[in-house]
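Keep the sequence and the 3D view side by side as you read.

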Amino acid sequence: MAPGARLAALEEIPDGEARGFAIRTPRGVVDIFVVRQGTWVAAYENACPHVGTPLDWTPDDFLDRERRHLVCATHGAIFRIEDGVCLAGPCQGDQLEPWPVALREGAVWDASATLPDPG
Ligand code: FES
């Protein structure tokens with residue numbers, strides 16, 4: 001998807017779940033995911049701070065069984081949904097890289113187009 005694209009209608013991401021997207025950027029395609037809690041959303045790059053692999057082995061499977069934390073399928077690191085901080089696992093204390101998104105008109109939009117070009 002192009003920067004600034006409409007990623008999905010909010011209702012297309014089930015409440016308490018997450019969904020992955022690929023964004024075309026000047027530094028190449030970046031895989032991200034959006035996690036939804038009611039009318040609140042956050043997005044992160046889909047790369048574990050431990051060794052950089054995607055968090056989901058099964059597409060769009062980013063949460064633990066209880067849907068309380070994000071989890072990395074590779075070595076089991078657990079992340080806080082609200083800010084991506086790793087609470088337990090090999091990268092404890094590190095953080096998922098946040099990705100800017102905006103919620104408007106009932107949909108989630110990529111907001112990286114509003115960021116300055118990193119050069
Ligand atoms: S790659 Fe995620 S915990 Fe190791």
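In strand 9, which residue is the bridge partner of Leu 103? The partner of Leu 103 there is Val 108. Before going further, a word on the model: it is predicted, so local features need pLDDT of at least 70 and side-chain atom pairs count only at pLDDT 80 or more, while totals for chains, interfaces and linings use all residues. Residues are numbered from 1 along each chain as its sequence is written, and side-chain values use heavy atoms, with hydrogens and water left out.

Strand 8 (residues 101-104) and strand 9 (residues 107-110) are joined by four bridges in the antiparallel sense. Strands here are DSSP runs of E with at least two residues, numbered from the N terminus, and two of them pair if DSSP finds at least two bridges between them. Two residues lie between the strands of this hairpin, where Glu 105 adopts a positive phi near 55 degrees.

Strand 1 meets strand 9 over three antiparallel bridges, and Ala 9 has Ala 107 as its bridge partner in strand 9.

Now look at another open sheet of three strands, with the order 5-6-7 and antiparallel pairing. Here strand 5 (69-71) and strand 7 (86-88) form the edges, each with pairing on one side only. Three bridges connect strand 5 to strand 6 (residues 78-80), and Val 71 stands opposite Ile 78 of strand 6.
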